[in-house]
Amino acid sequence: LDEMPKIYTYEYMFILCHLLMCRCQVVVLYEATTDVNLETDHAIQEQICSKFCNCTIPTVVHRLDAVNNSDHIIFMYKGTTTEFGMPNELMEKNGLFA
């Protein structure tokens, strides 16, 4: 987070705090960790998993690590759903997701 612009860091933290306080049932994440290094990514993903464990979390990502803890994945290619399933199942299929 030190490498990110301070205003972005503060806004991001404020939004996460707000989501925790309002006890949302659905939290939509769009590239939540795209601009951080892998160590920070893992730390943020760990917090998301523990703090929002009872929430539905639709997530848009480009790093496969970010969805390893997901229950189900919808993989889209060129705007079309090409695969659906659990992360380990999709990896074993060796399809577009893998």
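Modeller: Before we start, helices here are DSSP runs of H or I with at least four residues, strands are runs of E with at least two, and both are numbered from the N terminus.

Biologist: Thanks! How many helices and strands does the chain have?

Modeller: There are three helices and four strands, in the order α-β-α-β-β-β-α along the sequence. This is a predicted model, where local features need pLDDT of at least 70, side-chain atom pairs count only at pLDDT 80 or more, and totals for chains, interfaces and linings use all residues. Residues are numbered from 1 along each chain as its sequence is written, and side-chain values use heavy atoms, leaving out hydrogens and water.

Biologist: Okay, new topic. Where does Glu83 lie?

Modeller: Glu83 lies in strand 4, residues 80-85.

Biologist: And is Glu83 buried or exposed?

Modeller: Glu83 counts as buried because its relative accessibility is 6%; buried means under 20% relative accessible area, exposed over 50% and partly exposed in between, with a 1.4 Å probe and protein chains only.

Biologist: Which residues is Glu83 in contact with?

Modeller: Setting aside neighbours within four places in sequence, Glu83 contacts Ile73, Ile74, Phe75, Leu90, Lys93, Gly95, Leu96 and Phe97. Contact means heavy atoms within 4.5 Å.

Biologist: What about the chain as a whole, how much counts as buried?

Modeller: Of its 98 residues, 27% count as buried.

Biologist: And how many of the contacts join residues 24 or more positions apart?

Modeller: Such pairs make up 42% of the chain's contacts with a separation of 6 or more.
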